Amino acid sequence: MIEKISSGITGLDEILDGGFPKERTILIAGPAGSGKSTFGLSFLVHGVMHEDEPGIYVSFDESLDNVRNDALSFGWDLKALEDQNLLAMIDGFSERAGLKSPEKYTIELEVDELLHELIRLIDSIGAERVVIDSITALALGLEGERQRRKQILKLSAVMSALTCTTLMISEMREDKEISRFGIEEFMAQGVVVIKYKMAHSGSRSLQVRKMRGVKHSMREVPFIMSPEGLAVYPDEDIYGDV
Ligand SMILES: Nc1ncnc2c1ncn2[C@@H]1O[C@H](COP(=O)(O)OP(=O)(O)OP(=O)(O)O)[C@@H](O)[C@H]1O
Ligand SMILES: [Mg+2]
C-alpha cells in the first residue's frame, strides 16, 4: 500500500484516492500562465501550515522576489515561513540571468549542484516537500537525451531516497507535448496536466494523466485559482463540455 501526502489543493486528494504518493516525483505540466508555480507553492505552504512538513522551492525561471510578491496575492507570506526555517527558497535564476544574487541559497543550472544544496537543506530544515520550478530549465542545461534521462532519473531517485515528495514543473506548449523534451513524463512517477482555455473567460482545467500505483480518476475537471486558494471540482464538468 502506497503512503499518501496531501496535495493541499481542495478536491485533488479525492481524485488521487488520498493524495500524492509519498516520496515520489510528480510532474506538473501546463502552458505559460496556467498556474504551475502557484500549484507548487500551494503544495509547499499547505505542508508547512497544516502537516508540519517543511519544504524547499527551487526557482530557475523567476527571481525569488517576484515569487514572494506573487505569492502574497494568495495570502502566502513566504518570507515569514523562511524566517522560521520552515521553507527554504533556492535561487537558480540569478546566475542564469547573469545577475548577482541577493539570496541566501543560490545555485547554478546544474543537477549535481542542485542535489548537493537540496541534501544540505533537507538535513538542516527537515524538508519533506520539494518543488523544482522548472525541470524544463534544468533539462535545457543538459546535452543530449541520454544525459537528460540520466540526470532527471538521478534527481528523482535521490529525492526519493531522501524521503521527499517532489513536484517537478514542466513547461508545455499549448496542447502539444506534455514536456519540452518528451522524456520528463517517463522519468516521473506521476503526471498532472493543467490546461488554460482562452475561451469561456479563461477557465482552467486539471487532469491526472498518470500516477503509478494509484487508482486515480482520469477526468479532466475544473481547476479554480482564487485568493481563497486553489481548488478542483471532481464531480463537475469543465466549461464547454456541459
Ligand atoms: N490572486 C490571484 N487569484 C487568482 N488568480 C491569480 C491570482 N494571482 C495570479 N493569478 C493568475 O495566476 C497566473 C499565474 O500563475 P502561475 O505563475 O502559477 O502560472 P505558471 O504556469 O507558473 O506560469 P509560467 O509558465 O509563466 O511560469 C496569472 O497569469 C493569473 O492569471
Ligand atoms: Mg511559473
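Which loop holds Asn85? In this predicted model, Asn85 sits between α4 (78–83) and β5 (87–91).

## Overall fold

The protein is built from ten helices and twelve strands. Its radius of gyration is 17 Å, close to the 18 Å that the globule rule gives for 242 residues, so the protein is as compact as a globular protein of that length. The C-alpha trace spans about 50 × 40 × 40 Å along its principal axes.

Of the 242 residues, 45% count as buried.

## Around ligand 1

Ligand 1 has 15 residues around it, and those that come nearest are Ala32, Lys36, Ser37, Thr38 and Ser73. Two or more residues of this shell come from each of α2 (36–50) and β11 (221–226), with α2 giving the most, three residues. By residue type, the shell divides into four nonpolar, eight polar and three charged.

## Backbone features worth a look

Most residues other than glycine have a negative phi, and most peptide bonds are trans.

Asn85 counts as partly exposed because it has 13 C-beta neighbours inside 10 Å. Thr163 also has a positive phi, of about 55 degrees, and lies in the loop between α8 (144–161) and β8 (165–171). With 11 C-beta neighbours inside 10 Å, Thr163 counts as exposed.

The peptide bond from Asp133 to Ser134 is cis, its omega being near 10 degrees. Ser134 belongs to the loop between β7 (129–133) and α7 (135–140).

Note on methods
Residues numbered from 1 in each chain as written. Chains lettered and ligands numbered in written order. Predicted model: local features only at pLDDT ≥ 70, side-chain atom pairs only at ≥ 80, totals over all residues. Helix = DSSP H or I, 4+ residues; strand = E, 2+ residues; numbered from the N terminus. Rg over C-alpha atoms; globule rule 2.2 N^0.38 Å. Buried ≥ 20, exposed ≤ 12 C-beta atoms within 10 Å, placed from the backbone. Near = placed C-beta within 6 Å. Nonpolar A, V, L, I, M, F, W, Y, C, P; charged D, E, K, R; others polar.
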